[in-house]
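I opened this notebook to record what I looked up about aromatic rings and the charges placed over them. The entries follow in the order of the look-ups.

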Amino acid sequence: MAVLFFIPLILTTELHQLSHSLVHGFLARLGDPTTTLAAFSIAFSFNTTFSGIMSVATQAGMSYITDKVSFWRIARFYFFICMAPFILIESVALTPAGDWLFGTMMGASPEVTRLAKVSSAVMGLWILPNQVRNITTALCMMHRRTMLISHSTMLRLASQALMLLVLPFWLEGAVAGAASLIGCMTVEAVYMAWVSRQFYDALPDRGGEQATYRQMWTFSWPLMVTQITENGVTFVINFFLGRLANPDLALAAFGVVNALKSLVASPLRNLAQTSQALVHSRADMRVMLTFAHRLAVVYAMLVAILFYTPLRDVILNGVMGLPVKLSTYATPGVQMILLVVIVWGYSSLFRGLLSAMRKTQIIAGSAAIRLLMVIAVGSSTLIAPTLNGAAVGVAAIGCAFLAEVSILGWRVRYFSRTPGPIFPHER
């Protein structure tokens, strides 16, 4: 059951991340790839940091949608929640605050800063299509129809490829990449709304459990904090990379490596939803742990094949189209993805198990520790400005997830040894 539920989610996440890598590969083939990739990387990390709270709507929907009334209650709650990051993003991107943040604080060049501001303003519009996608994804997951989510992502990728062929005729490189993300996410959201209507129609009109806004907030805020810090890792790392001897090269290389890291490893993030949806007892948890162990081995082998063999040069120079200087600089970073793969999967697993137990507060605490680890590792650039930016970035991400795994794993072990039921529907 876990495999059947998880495989479509792997496909979905891989295709999502492939859409991001598609943008990087396309932008690398335009004029001045270092400037274009650096601007897109800064804008993308800034937007995903603050808009990442939207994804929590999926987990909240899986926990609290019981009828049509509760569906719209959750939809309204998250619509107003998502207005906060939208206003923040646009306020920075459209004002001199963006010059201060991207230029002064991150150390980007004036041209990179200008492109990053415009790209951020465009990306901020993804709030609305993401909101639709996340709430309808919850309906599909509740009915264990995860293949429909994969179909929507295939449509997203195809539409983005077409947009990337057309948009550069009217927009600059980094801005065209941002606009392609908005367009393909809108296509994806429309499709998800259409295919999930059958599950919405199957909901009773009323009579289900009605969670209060306070209950939804209590459940959601730790996951929001976690999502912000997880996505914010890249954003914080960019601050430190801007202090290196060649900040634009470091930012561009890390943007590419981070996209490859997400393409390879981010399917493991789905262990959170998988464990939350399928684990309802201690016996289920034991099965899920075994499944996670085997999955970690498979992904470690995959990274070894991709980045520790001549295939690495094919990916960086051929597929991604990086110039030799940029691909050489990025090589140490892609090889360190092995560490991230191992710890990211267990971090997601433990988050899902704690969400299934409705014990999410500790997740927020671990997120704070993770951010501190990023700052500690990133600070190395302040005393050694000749360090490789891609390697520093990946090392910071790996150490951050390692700290989170240690904390959440200890907490899951504690609850598993507690007498009596630990899951809401366990007997």
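The entries below concern ring pairs, a ring cluster and charges over rings.

Entry 1. I note at the outset that the model is predicted. I searched the whole structure for aromatic pairs, and the search returned 15. I then took up the pair of Phe 71 and Trp 72, which is edge-to-face, with 5.1 Å from centre to centre and 90 degrees between the planes. I looked up the accessibility of both partners: Phe 71 is buried at 7% relative accessibility, whereas Trp 72 is partly exposed at 45%.

Entry 2. I located Trp 344 in helix α17 (residues 337–356) and Phe 401 in helix α20 (residues 389–416).

Entry 3. I checked for rings joined into a cluster and recorded one made up of Phe 40, Phe 44 and Trp 126, linked by ring pairs.

Entry 4. Finally, I looked for charges over rings. Lys 68 lies over the face of Tyr 200, 5.3 Å from the ring centre. I also noted Arg 73, whose charged end sits over the ring of Tyr 213 at 4.3 Å from its centre.

Technical notes: Residues are numbered from 1 along each chain as its sequence is written. This is a predicted model: local features need pLDDT of at least 70, side-chain atom pairs count only at pLDDT 80 or more; totals for chains, interfaces and linings use all residues. Side-chain values use heavy atoms; hydrogens and water are left out. Rings of Phe, Tyr and Trp (its six-membered ring) pair if their centres lie within 6.5 Å; planes under 30 degrees apart count as stacked, over 60 as edge-to-face and the rest as tilted. Buried means under 20% relative accessible area, exposed over 50%, partly exposed in between (1.4 Å probe, protein chains only). Helices (H or I, at least four residues) and strands (E, at least two) are DSSP runs, numbered from the N terminus. A charge sits over a ring if NZ of Lys or CZ of Arg is within 6 Å of the ring centre and within 35 degrees of the ring normal.
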